[in-house]
Amino acid sequence: MFYGFGYGSSTQYILYLLGILLAVIVLAALVRAFVFSITEVDGPSMQNTLYSGQIVAVEKLTCRFGGVQRGQIVICRYPSSHDYYIKRVIALEGDTLEIRDGMTYLNGQALQEEYVTHPAQEDFGSVTVEPGHVFVLGDNRANSHDSRMEGTLAESSIVGRAVCV
């Protein structure tokens, strides 16, 4: 009798297949938790770069190993909330940030941010980012809940970076 791959009974073959299925499920869960996931944009804070309802691929490994860079779009969680947010990293540890007259200044230099079509309506700062933290803002500065309200964000609160829409 042939039940597949040298197994003597159908029960052994079914157990073998169930073991493979379980291994695939565990591997998929590990990949989703630590390497890669998909999320949906909810809200206007990243307009005109991202819109509510768009699907975004999230790569998680780079951020876990200190690879956060200025300008990256990241998925994060503020300590005061259980929700996830999608924001842009504007300042890294040691940077000083200020917003005046709708313009963002990093270390005294005005940033050229072509992606900002709705500038901030209120002045903010000056704030220096402490070690192990970043300052994040939504691209829609006029309608974004971000580091201006929550304070700087611990790098450990960053889940991953958006890599594909």
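This report walks through the sheets, a surface patch and some salt bridges of a predicted model.

Seven of them form an open sheet, in the order 1-2-11-3-4-9-10, with antiparallel pairing. Strand 1 (36-40) and strand 10 (153-154) stand at the edges with a single partner strand each, so one side of each has no neighbour in the sheet.

For a view inside this sheet, find strand 3 (residues 73-76) and strand 4 (residues 85-91), an antiparallel pair joined over four bridges. Here Val74 stands opposite Lys87 in strand 4. As a general point, strands of a sheet pair through backbone hydrogen bonds.

Strand 6 (residues 103-106) and strand 7 run antiparallel and are joined by two bridges. Look for Leu106, which stands opposite Gln109 in strand 7.

## A nonpolar patch on the surface

Now turn to the surface. Leu27, Val31, Phe36, Ile38, Ile55 and Val163 form a nonpolar patch there, with about 510 Å² of accessible area together. Helix 1 (10-34) and strand 1 each supply at least two residues of this patch.

Ile38 has a relative accessible area of 48%, so it counts as partly exposed.

## Salt bridges across the chain

Side chains of opposite charge can pair when their charged atoms come close. The count of salt bridges in this model comes to six. Among them is the one between Asp95 and Arg70, at 2.6 Å from N to O. Asp95 lies in the loop between strand 4 and strand 5 (96-100), and Arg70 in the loop between helix 2 (61-64) and strand 3, so the pair ties together parts 25 residues apart in sequence. Asp95 is buried at 7% relative accessibility, whereas Arg70 is partly exposed at 43%.

Another salt bridge joins Arg88 and Asp139 (2.8 Å, N to O). Because Arg88 lies in strand 4 and Asp139 in the loop between strand 9 (133-137) and helix 3 (147-150), this pair ties together parts 51 residues apart in sequence. Arg88 is buried, with a relative accessible area of 8%, and Asp139 is buried at 0%. Arg141 forms a salt bridge with Glu113, their closest N and O atoms being 2.9 Å apart. Arg141 is buried at 3% relative accessibility, and Glu113 is buried at 13%.

Methods
Residues are numbered from 1 along each chain as its sequence is written. This is a predicted model: local features need pLDDT of at least 70, side-chain atom pairs count only at pLDDT 80 or more; totals for chains, interfaces and linings use all residues. Side-chain values use heavy atoms; hydrogens and water are left out. Two strands pair if DSSP finds at least two bridges between them. Patches are made of residues with over 30% relative accessible area and no salt bridge: like charges are joined within 9 Å, nonpolar side chains (Val, Leu, Ile, Met, Phe, Trp, Tyr) within 5 Å. Accessible areas come from the Shrake-Rupley method with a 1.4 Å probe; for residues, only the protein chains shown count as cover. A salt bridge is a side-chain nitrogen of Lys or Arg within 4 Å of a carboxyl oxygen of Asp or Glu. Buried means under 20% relative accessible area, exposed over 50%, partly exposed in between (1.4 Å probe, protein chains only).
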